[in-house]
Amino acid sequence: MPVSNQMSAGTNKAAKFVAANPLAPLADPFSGMGDDEKELHKAVSNSVQTRLETAMQELQQKHRDGTNEIDDGDRAPTGAAYRDLHRRQQFM
């Protein structure tokens, strides 16, 4: 019989199973990445975070100014346009 260079984990059934933590990638998202990949991941994460913060600030400002219901002609109509249409239809 040829000699194997592989290390055996054992012969019993339990030795064939490895305890794995399914949440491990969440605890260490950079494991298995090289230095370049880590830097890219951090840059993308920072960019996304900055965009989210900017969007939240814009929404907060719209709500403070009361302009959150004003429809934009470039987008589909929202709240105020539908309420206006509903009012006009009631009077017909």
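Arg88 counts as partly exposed, at 47% relative accessibility (buried is under 20% relative accessible area, exposed over 50%, partly exposed in between, with a 1.4 Å probe and protein chains only). This is a predicted model, where local features need pLDDT of at least 70, side-chain atom pairs count only at pLDDT 80 or more, and totals for chains, interfaces and linings use all residues. Residues are numbered from 1 along each chain as its sequence is written, and side-chain values use heavy atoms, leaving out hydrogens and water.

- Arg88 and Asp84 join their side chains in a salt bridge, 3.2 Å from N to O (a side-chain nitrogen of Lys or Arg within 4 Å of a carboxyl oxygen of Asp or Glu).
- Both Arg88 and Asp84 sit in helix H3, residues 79-90, four residues apart or about one turn of the helix (helices are DSSP runs of H or I with at least four residues, numbered from the N terminus).
- Asp84 is partly exposed too, at 33% relative accessibility.
- One salt bridge is found in a search of the whole structure.

**Helix H2**

- H2 has 31 residues and spans 45 Å from its first C-alpha to its last, close to the 45 Å expected at 1.5 Å a residue (1.5 Å times one less than the number of residues).
- Just after H2 comes Gly66, with a positive phi of about 80°.

- Glu39 belongs to helix H2, residues 35-65, and is exposed, with a relative accessible area of 51%.
- Leu40 also has its place in helix H2, and is exposed at a relative accessible area of 56%.

How values were computed: Helices (H or I, at least four residues) and strands (E, at least two) are DSSP runs, numbered from the N terminus.
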